[in-house]
Amino acid sequence: MRRNFGCSERESEHKDREIMKLRVYVDRISQPSRAILIFCKINGIDFEEVKVNLAKGEHRRPEFKDINPMKQVPAVVDGKLKLFESHAILRYLSCAYPGIPDHWYPADLSKRAKIDSVLDWHHSNLRRGAAGLVFNSVLAPALGYPLNLEAAADAEKILIYSLSKIESVWLHGNEKFLVDGLQPSIADLSLVCEIMQLEVLGLSERDRILGSFTKVQKWIENVKHSTYPHFEEVHALLYRAAEKFQGKEAVEPLHGLESKRKEYLKPKL
């Protein structure tokens with residue numbers, strides 16, 4: 001049985017408040033949105049998925065600003081609670097809903113602190129690298145922004161550094177997952193969904209970046225397997241988007257972008 005140390009009061013509030021289905025505001029092209037959806041599905045949380053189309057600017061509409069004044073996804077509404085920031089949402093759901101297996105966000109405070117440290121590290125490192133690279137080299141025009149090769153190259157350096165740290169710090173032995181080693185946590189789910197964004201770059205670019213990180217590749221597969229079939233279902237939109245970006249209409253622009261990226265990365269004499 002799960003021991004929800006530090007969560008019992010929130011569970012009581014959850015039971016006592018007016019019964020309303022959890023509403024989850026997401027765009028499946030968003031890495032943290034996918035993490036929230038997979039967590040809810042794998043744990044049998046009853047929720048309503050409210051789609052917020054980022055490409056159409058729906059996150060900037062006044063009615064969504066009332067949900068999240070930061071105008072970003074994901075966000076949730078649970079009774080009277082309006083909550084944004086994916087890591088905060090994952091922590092909340094782990095505690096607020098009964099029956100969530102302990103390995104996602106353990107009652108043991110030392111294990112929980114380790115998960116928190118990974119999540120805090122994520123936003124300043126892996127997310128800056130992966131999201132920055134994909135946005136500035138592929139996604140920006142779809143959202144109304146120009147490509148930025150310099151920013152993409154800088155983000156790639158951060159990404160490579162971050163992947164090396166994942167291997168050397170959290171996957172240094174034969175661990176299947178980041179903290180517990182045997183079972184996934186919310187940190188595994190959040191970080192793997194981040195890395196999955198590399199699919200948009202195309203298979204060759206994804207393999208170029210991840211190719212030397214064999215432990216990271218195995219870890220990604222472990223997370224996929226542990227969350228089957230929900231992981232693949234939630235990522236279906238991303239896979240379709242990747243096919244679109246790598247389709248005939250995108251081949252020449254991306255090839256041109258790659259040659260410019262290599263030119264930018266050449267050592268300056």
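Arg 28 is buried, with a relative accessible area of 15% (buried means under 20%, exposed over 50%, partly exposed in between, with a 1.4 Å probe and protein chains only). This is a predicted model: local features need pLDDT of at least 70, side-chain atom pairs count only at pLDDT 80 or more, and totals for chains, interfaces and linings use all residues. Residues are numbered from 1 along each chain as its sequence is written, and side-chain values use heavy atoms, without hydrogens and water.

**Salt bridges**

- The structure holds 14 salt bridges (a side-chain nitrogen of Lys or Arg within 4 Å of a carboxyl oxygen of Asp or Glu).
- Arg 28 forms one with Glu 233, and their closest N and O atoms are 2.8 Å apart.
- Arg 28 sits in the loop between β1 and α2 (31-42) and Glu 233 in helix α11 (residues 230-234), so this pair ties together parts 205 residues apart in sequence. Helices (H or I, at least four residues) and strands (E, at least two) are DSSP runs, numbered from the N terminus.
- Glu 233 is partly exposed, at 37% relative accessibility.
- Lys 41 also forms a salt bridge with Glu 233, at 3.5 Å between the closest N and O atoms. Lys 41 lies in helix α2 and Glu 233 in helix α11, 192 residues apart.
- Glu 58 and Arg 61 meet in a salt bridge at 3.9 Å, N to O. Glu 58 counts as buried at 19%, and Arg 61 as partly exposed at 39%.
- Shared partners join Arg 28, Lys 41, Glu 49 and Glu 233 into one salt-bridge network.

**Nonpolar cores**

- The largest nonpolar core has 65 residues, of which Leu 93, Ile 166, Val 216 and Trp 219 touch the most other members. Such a core is a set of buried Ala, Val, Leu, Ile, Met, Phe, Trp, Tyr and Cys residues joined through side-chain atoms within 4.5 Å.
- Helix α8 (residues 186-195) gives the largest share of this core, 7 residues.
- Apart from it lies another core of 8 residues, among them Val 52 and Leu 54.

**Helix α12**

- In helix α12 (residues 236-245), the buried residues are Leu 238, Ala 241, Ala 242 and Phe 245.
- They lie on the same side of α12, because they cover an arc of only 105° around the axis (the arc of the directions from the helix axis to the C-beta atoms).
- On the other side of α12, Arg 240, Glu 243 and Lys 244 are exposed.
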